[in-house]
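Open the model in your viewer and keep the selection panel at hand. Each stop below says what to select and what is there.

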Amino acid sequence: MRSPIPDYLTQVLDTCAPDSGELAEYIPELAAVDPDRFALSLVTAEGDAYSVGDHQDAFTIQSISKPFVYGLALETLGFEAVLDHVGVEPSGEAFSEISLERNTGRPLNPMINAGALATHALVASTPPADSGVERILKLLSSLAGRELDIDEKVARSELDNGYRNLALANLLRSYDVFTGDPRAVVEGYVRQCAVRVTTADLGMMAATLASGGVQPHTGEQIFSRPVVRQVLSVMATCGMYDAAGDWLTTIGIPAKSGVSGGIIGILPGQLGIAVFSPRLDPHGTSARGVEVCERLSRDMNLHLM
Ligand code: DON
């Protein structure tokens with residue numbers, strides 16, 4: 001007998017099919033992808049996984065890496081040291097805005113680019129030196145439960161056009177938010193963003209947060225419970241940038257989007273959701289992905305409030 005879950009997910013994919021939105025033009029490699037790719041994966045906190053659509057096609061993780069690298073920074077350096085360098089307040093602004101605290105230059109939160117650059121610099125500056133990206137790749141691989149790699153072509157494409165992130169990194173450096181070389185921080189950060197994943201991988205990564213930091217298939221405790229709570233809280237309030245309030249009121253679960261078209265959502269204790277469709281709304285979030293999440297939230301009553 002066929003399972004009703006894939007049938008339902010296929011129906012969701014078929015009915016959420018708007019062709020509105022634009023590809024991410026500011027990273028030329030992302031503007032060259034097939035805009036019609038579409039995939040959806042659900043993974044329960046126990047590790048039962050369901051995927052439909054182009055779920056074996058890889059794409060770059062982009063900003064969905066941010067909450068996980070934030071978790072790594074918290075685990076490695078402790079809450080106090082991380083909060084000294086990056087705050088937890090929603091910016092209400094677009095992801096690439098200069099959303100810094102006046103006087104200190106501390107980025108408002110780790111989900112916007114300024115905060116993610118600061119978080120990346122923190123992780124990269126902890127010994128052993130020069131292995132920051134490798135440690136991040138190892139973390140993301142252990143969350144996915146398989147060895148991931150970096151799409152160097154996408155990383156290069158972003159770096160060659162990364163004037164905005166270079167400007168942000170230089171600004172952070174001028175405030176001593178980090179002390180290394182701003183260009184090296186941006187180089188590491190764009191490689192972090194270029195880690196290749198599928199929705200099946202992202203579903204597993206989201207399910208690890210849903211299950212209190214334990215990877216459901218390997219049983220590895222990757223994040224402690226306090227770190228998971230911090231990461232999910234920041235995702236709920238800041239993960240969708242200037243659409244965070246709209247997302248939380250309508251869909252009602254902690255989430256993070258990426259400019260290649262991925263979105264993850266986490267229902268604590270229950271479920272990780274991952275969707276992929278490259279056309280973006282004006283917030284830099286997958287237009288179809290938002291529609292899918294709205295539909296899942298409504299159908300399955302996922303809103304946490
Ligand atoms: O730094 C950037 O601009 C990209 N590497 C990531 C931005 C991103 O994914 C925004 N999220 N929707």
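Where does the ligand lie relative to domain 1 and domain 2? It lies between them, because domain 1 (4-61 + 197-300) and domain 2 (63-193) both give residues to the shell around it. The domain bounds come from an automatic or database domain assignment.

**Before you go on**

This is a predicted model: local features need pLDDT of at least 70, side-chain atom pairs count only at pLDDT 80 or more, and totals for chains, interfaces and linings use all residues. Residues are numbered from 1 along each chain as its sequence is written. pLDDT is the predictor's confidence in each residue, from 0 to 100. Colour by it: the protein has a mean of 95, and 98% of its residues reach 70 or more. For the complex, the predictor gives an ipTM of 0.99 and a pTM of 0.97.

**Stop 1: the ligand shell**

Select the ligand, then the residues around it. There are 14, and those that come nearest are Gln62, Ser63, Cys193, Val259 and Gly284. A residue is near a molecule or strand if its C-beta atom, placed from the backbone, lies within 6 Å of it. By class, the shell has 4 nonpolar, 9 polar and 1 charged residues. Here Ala, Val, Leu, Ile, Met, Phe, Trp, Tyr, Cys and Pro count as nonpolar, Asp, Glu, Lys and Arg as charged, and the others, Gly among them, as polar.

**Stop 2**

Colour the two domains separately. Their C-alpha centres lie 20 Å apart. The contact takes 38 residues from domain 1 and 32 residues from domain 2. Two residues are in contact if their C-beta atoms, placed from the backbone, lie within 7 Å.

Now show the side of domain 1 that touches domain 2. The elements giving two or more residues to this side are α9 (199-210), α10 (225-238), β5 (255-257) and β6. Helices (H or I, at least four residues) and strands (E, at least two) are DSSP runs, numbered from the N terminus. The largest share comes from α10, with 7 residues. This side of domain 1 has 20 nonpolar, 13 polar and 5 charged residues.

**Stop 3: strand β7**

Select residues 271-276. This is strand β7; 6 of its 6 residues are buried, so the strand is largely enclosed by the rest of the structure. A residue is buried if 20 or more other C-beta atoms lie within 10 Å of its own, exposed if 12 or fewer, and partly exposed in between, with C-beta atoms placed from the backbone. Look at both faces. Leu271, Ile273 and Val275 are buried on one side, and Gly272, Ala274 and Phe276 are buried on the other.

Two strands pair if DSSP finds at least two bridges between them. Ile263 has Val275 as its bridge partner in β7. The two strands form a hairpin with 3 residues between them, and Gly269 in the turn has a positive phi of about 80 degrees.

**Stop 4: strand β1**

Select residues 39-44. Strand β1 pairs with β7 in the antiparallel sense over 6 bridges. Thr44 has Leu271 as its partner in β7, and Ser41 has Ala274. In β1, 5 of the 6 residues are buried, so this strand is also largely enclosed by the rest of the structure.

Leu40 stands opposite Val52 in β2. The hairpin of β1 and β2 has 4 residues between the strands, and Gly47 takes a positive phi near 100 degrees.

**Stop 5: Gly203**

Which helix holds Gly203? It is α9. Gly203 counts as buried because it has 30 C-beta neighbours inside 10 Å. Leaving aside neighbours within four places in sequence, its contacts include Ser41, Leu42 and Val43, as well as Gly272, Ile273 and Ala274.

**Stop 6**

Most residues other than glycine have a negative phi, and most peptide bonds are trans. Start at Pro127: its peptide bond to Pro128 is cis, with omega near 0 degrees. Pro128 lies in the loop between α4 (113-125) and α5 (132-144).

Go to Tyr241, in the loop between α10 and α11 (244-250). Its phi is positive, near 55 degrees. Tyr241 is buried, with 26 other C-beta atoms within 10 Å.

Finish at Asn301, in the segment after α12 (287-300). Asn301 has a positive phi of about 55 degrees. With 8 C-beta neighbours inside 10 Å, Asn301 counts as exposed.
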